[in-house]
Amino acid sequence: MLSKIFQLPFILLIRFYQSAISPFTPSSCRFSPTCSQYAIEAIQTHGIFYGNYLALKRILSCHPWGKTGYDPVPPRKATTKD
């Protein structure tokens with residue numbers, strides 16, 4: 001519950017970008033899902049720190065010489081107790 005509260009400002013900032021800024025820029029995302037949607041999914045799946053790391057890594061790979069296509073958020077690794 002507490003982690004969801006900490007995630008909310010980041011998600012709201014991305015949603016603001018999606019609704020207020022992105023419609024006025026040319027569509028140039030090379031991936032599916034888009035980088036902003038990927039960032040939201042990464043934060044919700046992996047938490048603030050690792051989710052933001054994955055989102056930044058994805059944004060930095062979005063250049064003409066990078067890969068393209070379907071690139072989903074990696075699943076959360078299962079933790080095993082010994």
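One aromatic pair is counted in this predicted model, where rings of Phe, Tyr and Trp (its six-membered ring) pair if their centres lie within 6.5 Å. The ring centres of tyrosine 50 and tyrosine 53 are 5.7 Å apart and the planes meet at 25°, so the pair is stacked; planes under 30 degrees apart count as stacked, over 60 as edge-to-face and the rest as tilted. Because the model is predicted, local features need pLDDT of at least 70 and side-chain atom pairs count only at pLDDT 80 or more, while totals for chains, interfaces and linings use all residues. Residues are numbered from 1 along each chain as its sequence is written, and side-chain values use heavy atoms, with hydrogens and water left out.

**Aromatic pair**
- Tyrosine 50 and tyrosine 53 are 3 residues apart in helix H3 (residues 48-60), about one turn of the helix; helices (H or I, at least four residues) and strands (E, at least two) are DSSP runs, numbered from the N terminus.
- Tyrosine 50 has a relative accessible area of 43% and is partly exposed, and tyrosine 53, at 46%, is partly exposed (buried means under 20% relative accessible area, exposed over 50%, partly exposed in between; 1.4 Å probe, protein chains only).

**Arginine 58**
- There is 1 salt bridge by count, a salt bridge being a side-chain nitrogen of Lys or Arg within 4 Å of a carboxyl oxygen of Asp or Glu.
- This salt bridge joins the side chains of arginine 58 and aspartate 71, at 3.8 Å from N to O.
- Arginine 58 is in helix H3 and aspartate 71 in the segment after strand S2 (69-70), so the pair ties together parts 13 residues apart in sequence.
- Arginine 58 is buried at 3% relative accessibility, and aspartate 71 is buried at 16%.
- The charged end of arginine 58 also sits over the ring of tyrosine 38, 4.4 Å from the ring centre (NZ of Lys or CZ of Arg within 6 Å of the ring centre and within 35 degrees of the ring normal).

**Nonpolar core**
- The largest nonpolar core has 6 residues: Ile11, Ile14, Ala39, Ile40, Ile43 and Ala55. Such a core is a set of buried Ala, Val, Leu, Ile, Met, Phe, Trp, Tyr and Cys residues joined through side-chain atoms within 4.5 Å.
- H1 and helix H2 (35-46) are the elements that give two or more residues to this core, and H2 gives the most, with 3 residues.
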